Each structure stands twice: as structure tokens, then as C-alpha cells.
Amino acid sequence: MEQSAQRRVPIESQRVDAPLTSSAVLLTLTLTDPAAGSEAVRIVRGVLADLEDITKNVAFRDLDAALACTVGIGSDVWDAVTGAARPAELHPFRGVVGAVHTAPSTPGDLFVHIRANRRDLCFELERQLLDRLHGAVLVTDETVGFRYFDARDLLGFVDGTANPVGDALPAATLVDASDPAADPAAHGGSYLVAQKYVHSLAAWNRMSVEQQEAVIGRTKLDNIELADASASEQKSHKTLSTITDDDGVEHDILRDNMPFGSPGHGEFGTYFIGYTARLWVIERMLERMFLGDPPGKHDRLLDASTALTGGVFFVPPAGLLAGLGD
Ligand code: HEM
């Protein structure tokens, strides 16, 4: 990725590896009429075809602010909106019901992830997009996220350290067009899982810092990784979200979690955003967190965190969106 100081053009739309920014808008939309050929679908297709231009229009006003936009399309509207072959793993979010905690599946046809280092640019892009989409969509959730100190979540831990870097980043997030075994319908795209969590800071702060560190699997102040627990013991969040396949290969994902909230309304949250080339990897993380491994020993992070939403989307490459215009 180009360094911001040298940037002379805006970030292309649909770049899942866009920089981690200090501000973000997370929008979940449903179509007012999802039937193929409806007026709502026609409007949505037109806006998606113009996404690159609309984003560029706002981004160019301050290139160093690194404005970027990615749009994910949900399973229920994929066929009507794109008319393209379905990515093989695309299906609605599968809720996970654990003995104590639940990851619910909630409505969402489109997910818009806007990032920038300036809140006003995020605002302006959201305004222009919703203006164009007027009448075609309902906003089911709008969350404004912000970077909190040195990339910490509102529980006080540095969040995002284990994200893949270098060549491992596209390998983890983009369905590889050069791999003959990869799903051709998904080439160059990424699966996106979004979940909005709210925290009980009272419950979290009842724990000592040592207990919190054991829950996360890292130290709080200096972010040092702690050793994994043994197979039968209570595992940390870090260990439960580490996925290894039958061949011993570990599968990373890209997380762009954003804190959000309002102290005046007692709201403290983390918006989980995960990009992956393999949806099953995030699904397995969620099962391990909510059901526990071994079963019953769920992720203790959930004792202070409630998932309010859950959605799965596919983020197609920019070229697919550009082709949706009439
Ligand atoms: C309440 C919401 C969440 C919070 C506050 C949170 C926080 C954290 C923190 C502080 C870390 C350790 C530092 C790091 O590597 O980033 C971490 C790691 C991680 N989290 Fe979460 N997380 C949340 C939800 C989730 C969910 C829903 C998933 C996946 C479904 C997930 C997947 C991961 C992964 C893959 C790692 C890296 C593990 C490793 O390889 O070390 N997290 N999270």
C-alpha cells in the first residue's frame, strides 16, 4: 500500500487492505424491494457502479486522510443486485447459540465500511451515498467508530496486533484468482463478517487486570502474548480465535475492529469487522468463542460483551461493481 505522504490518487474502492484509520462509519442497509429488476435494485446497482467515482470525489479533497470505502453484498440480494455467479460460501450469517451467550443473525443486505482519518470525510461520503440510495434502502444500523488511544478497544487492550502483514495479508483476505482450486465466482473478493458488540464495563472492571489478561491472552499495558492454556483448560480469546486446519495450517483473518459508544448513554462497544478469503474460518472462530473449546468453556470476553448484530457479506472486486451500471 502506498504511503499516505506520497499518495497522489485516492485509494481504490473495495480495497479490504485500506489503512487502519482514526474514524469509520459502519452502515447496514436493507433493500426496500429486493426483487430482481425492481426500482430499488436498479438504484442500488447504479450507486455501486459509481462507487469508485463517488468515493474519489470526496477522497480527493484530502488525500492524506486515506478515505476508503468497501461495500459487501448479502446472500439474499446477491443474485438480484449483481446478476453474477454466487460465491460458493456466501450464505446468511449462521447464528451461534451457546449455553450462556448467543451470536444472533440480524437483517442486512448491504454493508458499507467507510474509513478515513477525518470524521468529516466519513460523514460526507456517507451523506452522498445515502442521498443517492434514497428510497432504495433502509438503514438498519449506523455506527460511528473511532480509534481509541494506541489502537485499544474500550476494554483497554491493544486490538489488531495479530493481523497478517505482507504477502500473508492478501493470502488471508482475497480469494486467489491464480489458484485453480479457488472458487471462480469469488475471485479477487473477500468475505466480510460484521458484528456489533456492546460491553458491560462494570462487569469487565470487576475483574483484576491479571484476570482480564488471562481472558484476552495478552498483557494489558505492553501487549505481550501469554502462553496458551492446555487442551482441557479455559482458553483465552486469542487461543479460541486461532484456527488450524486438519493439515496443521493456521488461518489468519484481517480484523478492522472499531470502538464506538456514548458515555452519556452508557454505551461502550466494539464493532467487529473481519475480512477473510474463507468464511468457514471466521465461522469456526465464532463457534469456539460461543460454544467453547472444550464445549462449555466459552470465551470469557463474552461475559462482558453482548453481540447485538451479525451479518455475512461478500465484498466483490471493484471491477464487478463497475460493471453494474445500465
Ligand atoms: C467484543 C469483541 C472483540 C474484542 C474486544 C476483541 C479483542 C481482541 C484483542 C484485544 C485481541 C488481542 C490482540 C490482537 O491480536 O488483536 C484479539 C485477537 C483476536 N481476535 Fe478478537 N475481539 C473481539 C471479537 C472477535 C471476534 C468476534 C473474532 C472472530 C470471530 C475475533 C478474532 C480475533 C483473532 C483472530 C485474534 C488474533 C488471535 C491471534 O492469532 O493471536 N475477535 N481480539
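Modeller: A residue is called buried if 20 or more other C-beta atoms lie within 10 Å of its own, exposed if 12 or fewer, and partly exposed in between, with the C-beta atoms placed from the backbone. The model is predicted, so local features need pLDDT of at least 70 and side-chain atom pairs count only at pLDDT 80 or more, while totals for chains, interfaces and linings use all residues. Residue numbers start from 1 along each chain, as its sequence is written.

By that count Ala66 is buried, with 23 other C-beta atoms within 10 Å. Ala66 is not a glycine, yet its phi is positive, near 55 degrees. Ala66 sits in the loop between helix 2 (51–59) and strand 2 (68–74). Helices (H or I, at least four residues) and strands (E, at least two) are DSSP runs, numbered from the N terminus.

Phe149 also has a positive phi, about 50 degrees, without being a glycine. Phe149 is exposed, with 9 other C-beta atoms within 10 Å. The loop that holds Phe149 runs between strand 6 (137–146) and helix 5 (168–173). Another backbone feature is the cis peptide bond between Asp293 and Pro294, with omega about 0 degrees. Pro294 lies in the loop between helix 9 (279–291) and strand 13 (305–307).

Two packed helices are described by the angle between their axes and the distance between the axes. In the contact, Ile54, Thr55 and Val58 of helix 2 meet Leu121, Glu124, Leu125, Gln128 and Leu129 of helix 4. Contact here is a C-beta to C-beta distance within 7 Å, the C-beta atoms being placed from the backbone. By class, 5 residues of this contact are nonpolar, 2 polar and 1 charged. Ala, Val, Leu, Ile, Met, Phe, Trp, Tyr, Cys and Pro count as nonpolar, Asp, Glu, Lys and Arg as charged, and the others, Gly among them, as polar.

Helix 7 (residues 209–216) has Gln212, Val215 and Ile216 as its buried residues. Seen down the axis of helix 7, these fall within an arc of 90 degrees, so they line one face of the helix; the arc is that of the directions from the helix axis to the C-beta atoms. Glu210 and Gln211, on the other side of helix 7, are exposed. Helix 6 (201–205) and helix 8 are among what covers the buried residues of helix 7. Gly217 follows helix 7 with a positive phi, near 95 degrees.

In strand 7 (190–199), Ser190 is buried, with 29 other C-beta atoms within 10 Å. Not counting residues up to four places away in sequence, Ser190 touches Val16, Thr173, Leu174, Tyr275, Thr276, Ala277 and Val315.

Definitions and conventions: Two residues are in contact if their C-beta atoms, placed from the backbone, lie within 7 Å.
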